[in-house]
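Have the sequence and the structure open side by side as you read.

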Amino acid sequence: MNEEKLKIRLGKRIKELREKNELTQLDIASSCDFEKTSISRIEAGRTNPTITTLYKISIALGVELKELFEF
């Protein structure tokens, strides 16, 4: 899997978990102290989030960090 595919799959997984928890992008952004556009770019696979960013997202989603990579 190349880097681009990984970013896309990760973004789709984050979106899937967010929707499963009935959260909006704004909900996640607010919990993480990010702009909504940042979450949008991550879910679209257009950015390479840091491990700290992913950790904050996992907390906002109520999942362990490793669950973001279960695709």
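A nonpolar core here is a set of buried Ala, Val, Leu, Ile, Met, Phe, Trp, Tyr and Cys residues joined through side-chain atoms within 4.5 Å. Buried means under 20% relative accessible area, exposed means over 50%, and partly exposed lies in between (1.4 Å probe, protein chains only). Keep in mind that this is a predicted model, in which local features need pLDDT of at least 70 and side-chain atom pairs count only at pLDDT 80 or more, while totals for chains, interfaces and linings use all residues. Residues are numbered from 1 along each chain as its sequence is written, and side-chain values use heavy atoms, with hydrogens and water left out.

Let's begin with the overall fold. The protein has 4 helices and 0 strands, giving the pattern α-α-α-α along the sequence; helices (H or I, at least four residues) and strands (E, at least two) are DSSP runs numbered from the N terminus. Its radius of gyration, taken over C-alpha atoms, is 11 Å, close to the 11 Å from the globule rule for 71 residues, so the protein is as compact as a globular protein of that length. That rule is 2.2 Å times the number of residues to the power 0.38. The C-alpha trace spans about 30 × 20 × 20 Å along its principal axes.

Now step inside. Of the 71 residues, 32% count as buried. The largest nonpolar core has 13 residues, and Ile14, Ile28, Ile57, Leu61 and Leu68 touch the most other members. At least two residues of this core come from each of α1 (3-20), α2 (25-32), α3 (36-43) and α4. Take Ile28: beyond its neighbours within four places in sequence, this residue is in contact (heavy atoms within 4.5 Å) with Arg18, Leu23, Ile39, Ile57, Ala60 and Leu61.

Arg41 counts as partly exposed because its relative accessibility is 34%. Setting aside neighbours within four places in sequence, Arg41 is in contact with Arg46 and Thr47.

The protein exposes about 4700 Å², of which carbon and sulfur atoms supply 48%; accessible areas come from the Shrake-Rupley method with a 1.4 Å probe, and for residues only the protein chains shown count as cover. Phe71 is found in the segment after α4 (51-61), and its relative accessibility of 36% is why Phe71 counts as partly exposed.
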